[in-house]
There are 2 protein chains.
Amino acid sequence: MSEKLTIGKLAGATGTKVETIRYYEQIGLLPAPERSAGNYRTYEDAHLRRLSFIRRARDLGFSIDQVRELMGLADRRDQSCIAVDVVANQHRDAIRRKIADLTALAGELDALIDSCSRNTVADCRIIEALAPSA
Amino acid sequence: MSEKLTIGKLAGATGTKVETIRYYEQIGLLPAPERSAGNYRTYEDAHLRRLSFIRRARDLGFSIDQVRELMGLADRRDQSCIAVDVVANQHRDAIRRKIADLTALAGELDALIDSCSRNTVADCRIIEALAPSA
DNA sequence: TATGCACCCTCTAGTCGCTAGAGGGTCAAG
DNA sequence: CTTGACCCTCTAGCGACTAGAGGGTGCATA
């Protein structure tokens, strides 16, 4: 029922910043809405749905390009959704890889921190480890 | 013994790109070296040590500003290294938080992907989940 | 009616940590 | 003396926004 949202209302309804919405329009992610007499953007429900989709996908860590792809796929409702599955899988795998990298990193940092005896910098193991074979 | 490195040699020795070294100099992270007659940068061992430190810290995910701080601390060798410990701990905690975030994300994506029955887009659960209450 | 204030507009530049390119100069080997 | 690898500066681009200047609009209240 809620037709004709201002950009501020749309922002509030989707948890997006106003500037970000304008940015999405600029890069062609969200279609440009009609304008009011005073040149204000006037959004419809379709925009709200579109932006909700974008937000949700972004929150799940999909890149702008992936979101674009997912939206393109979502619009072809009679096609197989295997392509959607592929995008989601690629993203999941990338996240898993990132988790593995960060876990290794955290482990290294743990070792570094444990080795610190909190004396002077001159014999600090953390500094030493950072500047190898000095 | 190896004095007077060209930027290319320094890059090779530290696994850094030439452009990155110039960038570090530009932002004041690595001190500007002397120049040769032909205006080439000529690096000394001290630069090599400094850049190795930077590389290692960056590889461990420290931000440029954190590296700057660590180097500042490392230079005051008679001070307590508690401040070093603090920086390292903050960074470790930030990484742990990021891991937790990504793990939650991966879990959500797993659920999404599992729910996909690979039919048409019209009843694809992934698309559905992305566009809530459509 | 005036005025204040929240909201909207466009345009530009900044963030982070590089990376890439244009358009040149230098140096050592053959 | 030429070739090719290296070096130089300067500028712009990446992703995904964010912030600010400098102005216009719309509505409620005194």
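Let me start with one residue, T16(A). Leaving aside neighbours within four places in sequence, T16(A) is in contact with A11(A), I21(A), L51(A) and R55(A). This comes from a predicted model, so please keep that in mind throughout.

Where does T16(A) sit? It is in the loop between α1 (7–14) and α2 of chain A. Is T16(A) buried or exposed? T16(A) counts as buried, because it has 20 C-beta neighbours inside 10 Å, and 20 is the number at which a residue is called buried.

I21(A) belongs to helix α2 of chain A. I21(A) is buried too, because 23 other C-beta atoms lie within 10 Å. What does I21(A) touch, if we do not count residues up to four places away in sequence? The partners are I7(A), L10(A), A11(A), T16(A), L30(A) and L51(A). Take L10(A) from that set: I21(A) and L10(A) are 11 residues apart in sequence, and 8.6 Å apart in space from C-alpha to C-alpha. If you compare the two lists, A11(A) and L51(A) are on the one for T16(A) and on the one for I21(A).

Next, the whole of chain A. The chain is divided into domain 1, residues 1–79, and domain 2, residues 91–134. How far apart are the C-alpha centres of the two domains of chain A? They lie 41 Å apart.

A word on confidence. Chain A has a mean pLDDT of 91, and 96% of its residues reach 70 or more. Within chain A, confidence is lowest in helix α6, residues 125–130, with a mean of 84. Confidence is highest in strand β2, residues 41–42, at 98.

How many residues of chain B are in contact with chain A? There are 49 of them, and they meet 49 residues of chain A. The elements of chain B that give two or more residues to this side are α3 (45–59), α4 (64–74), α5 (82–114) and α6 (125–130). Of these, α5(B) gives the most, with 20 residues. By class, this side of chain B has 28 nonpolar, 9 polar and 12 charged residues.

How are the two chains related? A rotation of 180° with 0.0 Å of shift along its axis superposes chain B on chain A, with an RMSD of 0.2 Å. That is the relation of a two-fold axis. Which residue of chain B comes closest to the rotation axis? I99(B) does, with its C-alpha at 2.8 Å. Also, 100% of the interface residues of chain B are interface residues in chain A, so the copies meet through the same surface.

Last, the DNA. Of the 21 residues around DNA strand D, those that come nearest are G38(A), S63(A), I64(A), G8(B) and R41(B). Two or more residues each come from α2 (18–26) and α4 (64–74) of chain A, and from α1 (7–14) and α2 (18–26) of chain B. The largest share is from α2(A), which gives 3 residues. The surface near DNA strand D divides into 7 nonpolar, 8 polar and 6 charged residues.

Key. Residues are numbered from 1 along each chain as its sequence is written. Chains are lettered from A and ligands numbered from 1 in the order in which they are written. This is a predicted model: local features need pLDDT of at least 70, side-chain atom pairs count only at pLDDT 80 or more; totals for chains, interfaces and linings use all residues. Two residues are in contact if their C-beta atoms, placed from the backbone, lie within 7 Å. Helices (H or I, at least four residues) and strands (E, at least two) are DSSP runs, numbered from the N terminus. Ala, Val, Leu, Ile, Met, Phe, Trp, Tyr, Cys and Pro count as nonpolar, Asp, Glu, Lys and Arg as charged, and the others, Gly among them, as polar. pLDDT is the predictor's confidence in each residue, from 0 to 100. Copies are superposed by least squares on the C-alpha atoms of residues with pLDDT of at least 70 in both. A residue is near a molecule or strand if its C-beta atom, placed from the backbone, lies within 6 Å of it. A residue is buried if 20 or more other C-beta atoms lie within 10 Å of its own, exposed if 12 or fewer, and partly exposed in between; C-beta atoms are placed from the backbone. Domain bounds come from an automatic or database domain assignment.
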